[in-house]
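Hi everyone, thanks for coming along. Please have a look at the sequence and the structure while I talk you through a few places in them.

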Amino acid sequence: MKKKLLSIAMTLALILTACGAEESVVSTPAPTDSEAEVTGNAEETKTPEVQAQNDKNDESWAIYWYLCGSDLETEYGLASVDIAEVCGVDLPDNVKIVLQTGGAKEWQNEVVKADKIGRYEVVDGDIKKLDEMNQANMGDGETLKDFLSFCNENYPADHKMVVFWDHGGGTTTGVAQDENYKGDTLSLVELRTAFSETCEVSKENPPYDIIGFDTCLMATVDVASIFKDVGRYLIGSEENETALGWTYDEWVRALAKNTAIEPTELGKIICDSYYKACEEYEVADSITMSVTDLSKIDPVLEAYNTLGNEALINMVYDDSFVGEFSRATKKTENYGGNTGKSGYSDMADMADLAENTKDILPESYQAVLDTIKDAVVYQIKGKFRSHANGLSCFIHYSHDAQMLSNYIANSSTMAFDLFYTYLLTGELDDDGYTYISNLLGGDEVETQEPFDISTLEDAKLKIENGNTAVLKIGDDARHLASVCYELYTTFDKGKTFVCLGSAATPDDVIADWDKGIFKDNFRGVWGSIDNTFVYMELVNTNDDYTMYQVPVKLNGEEMYLSVACDQATHEFTILGAQGETENGLSAKDLRKLEVGDEIVPILYAITRKKGISFDMDPIIVSEDTAFEEIELGDGEYAIDFQMTGTDGKTAMSEIELFRVKDGYMKYL
């Protein structure tokens, strides 16, 4: 361990003497092959089996496929791969698939043109061109509206399904990122308008059987709300999708063989085939996919808003409630990263939020659990997404004003709009105060003064028994969302600190929130890949597992590894590598590490003048590559506590140096 620690110091010393060190940013990795064959002159190939099944099932289906290629097609050809999968299915006459292409700077096949909006029908194993139009923004509601109008007019059917293909960002960001138009996306408002103006919406008889999202993060309660009178079922993922996406040949073939299939059964096949493909590719541990009955979404919305109302009432009467609520959200399973390194989606599982707030919101949490259980009719989830329940909601992890504004513009409930506005700004407009006053039976609303976390800056640490740092902040702790410690290795006589990340799990910090006393439970170990220390950023933790992100360069591209720790066995699993797109959408590109991949861990150093990022020596992935905790080894280190307020602002305690020698640590 001495040698490894020395390599960190030597690497940083070399970096500090070089020019041009810059802050790390994340970009999109390349997960799969970049080209797929979608052309050819296939002859009539309908088998007697398919035709016989077609004779039995004369119900017609039309699938309207909105393919916004984005960088997923430009760089990796993923849309072309899925087009080829569909073209490989023998379709009966009563199943029509019409697709619109756009949104990519380049298409990795010889049919689709990047400078045009193309419309095609899948015919006899090919895509037959129906029309080519001038370039248009696939992230604009008018473009979607025009496509839906065309489909409804020219491809009516007994059963209709719309599938969106691309990146997704949940309630706050929407779907379909057009890289030809500065990454513009379809907001939920634009989605709602495009559908409501091109079909006759009806809760009793919705015009579409399925609204599907082969994207990241779109299984949200707000997405479900905008489609509750448009479609019968919503299919989507709470979490980021993997680069594999839906397995189109599986579910389209199932539809082709049985056009009398129930939408729920088709949704089950979509979920199961996705899980099977991810399992075979060894990236299934963190996936989600769900089928939601949209006719049952109104009770979910009512229960969720009631939960928010109870939170607003508690906020007025109990000045410690906001801190308790914020700490509950830290334990709630969240999706899309939600860290400074990966970016924020501000999406988390709604039922898990209710479960984590049952002690502080006892009147309303159970209804949320019950209504979600009733509405989500099927779901799949990986080992490290066991707290997923099928529908996500907004939690303001980012504390970003624009993200909150996006949420409010697209949300379906009022209570949490006000609650998170107050958390961020400490105030509400007149309508907000009136809303809360009505909840209180007309009483005047007396909000609390926001806590100034800067008063905790440079808080003193006390050293107990020579090996434990203790932070005592007393009653002020009730205003905090989290307390963690950050670990550094030091050199250059304490002038330079290399941050190894933060630790906040029960294994790492002994927290007494009632007394406001926090102790480091430093165990003398840290995370590593093949015995090389890495920077670890905590995503969230619960009783079953803890999730981390590790910034790296993978084959030269800056991204992060998603790492999970099983709480029962304390074993670590590298779930895969992932990046993010330029405008903050989560990337549909989770991929496993392959033998021969080059991993370069990224660490962060703080000097007197500035902070910089720097690269460690490369690691070549082998069959035995593993993530594990290893002893730090002899050397000098440092620790401080980071305190985060309910508004996202932070304060740092003073820093304490300690030395490790022969397995023993002692503060200096």
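This is a predicted model: local features need pLDDT of at least 70, side-chain atom pairs count only at pLDDT 80 or more; totals for chains, interfaces and linings use all residues.

Helices (H or I, at least four residues) and strands (E, at least two) are DSSP runs, and they are numbered from the N terminus.

Residues are numbered from 1 along each chain as its sequence is written, and side-chain values use heavy atoms, with hydrogens and water left out.

Now the overall picture. The protein chain has 16 helices and 34 strands. Of its 668 residues, 58% count as buried; buried means under 20% relative accessible area, exposed over 50%, and partly exposed in between, using a 1.4 Å probe and protein chains only. Contact means heavy atoms within 4.5 Å. Among the contacts with a separation of 6 or more, 71% are between residues 24 or more positions apart.

Back to E486. Is E486 buried or exposed? With a relative accessible area of 12%, E486 is buried. Its side chain makes a polar contact with the side chain of Y488, at 2.9 Å. A polar contact is a pair of N or O atoms within 3.5 Å; within protein, one must be able to donate a hydrogen and the other to accept it, and residues adjacent in sequence count only if both atoms are side-chain atoms. Leaving aside neighbours within four places in sequence, E486 is in contact with several residues, including C499, G501, D640 and Q642.

Let's follow Q642, which lies in strand 31 (residues 635-645). Not counting residues up to four places away in sequence, Q642 touches S482, V483, C484, E486, T650, A651 and M652. The C-alpha atoms of Q642 and A503 are 9.8 Å apart, although 139 residues separate them along the chain.

Next, the nonpolar cores. A nonpolar core is a set of buried Ala, Val, Leu, Ile, Met, Phe, Trp, Tyr and Cys residues joined through side-chain atoms within 4.5 Å. The largest one has 80 residues, and F164, F195, F213, F227 and F419 have the most contacts inside it. Helix 10 (residues 297-317) gives this core its largest share, ten residues. Another core, of 62 residues, lies apart from it and includes L561 and F658.

Which residues does F419 touch, not counting those up to four places away in sequence? They are A311, L312, M315, F321 and F325. F321 and F325 are among the buried residues of helix 11. Helix 11 (residues 321-331) is mostly covered, with eight of its eleven residues buried. The cover over these includes helix 10, helix 12 (350-356), helix 15 (415-425) and strand 17.

Finally, the rings. Rings of Phe, Tyr and Trp (its six-membered ring) pair if their centres lie within 6.5 Å; planes under 30 degrees apart count as stacked, over 60 as edge-to-face and the rest as tilted. The whole structure holds 34 aromatic pairs. W246 and W251 have ring centres 5.9 Å apart and planes at 80°, so this pair is edge-to-face. Both W246 and W251 are buried. Ring pairs also link Y64, Y66, F147, F164, F195, Y208, F213 and F227 into a cluster.
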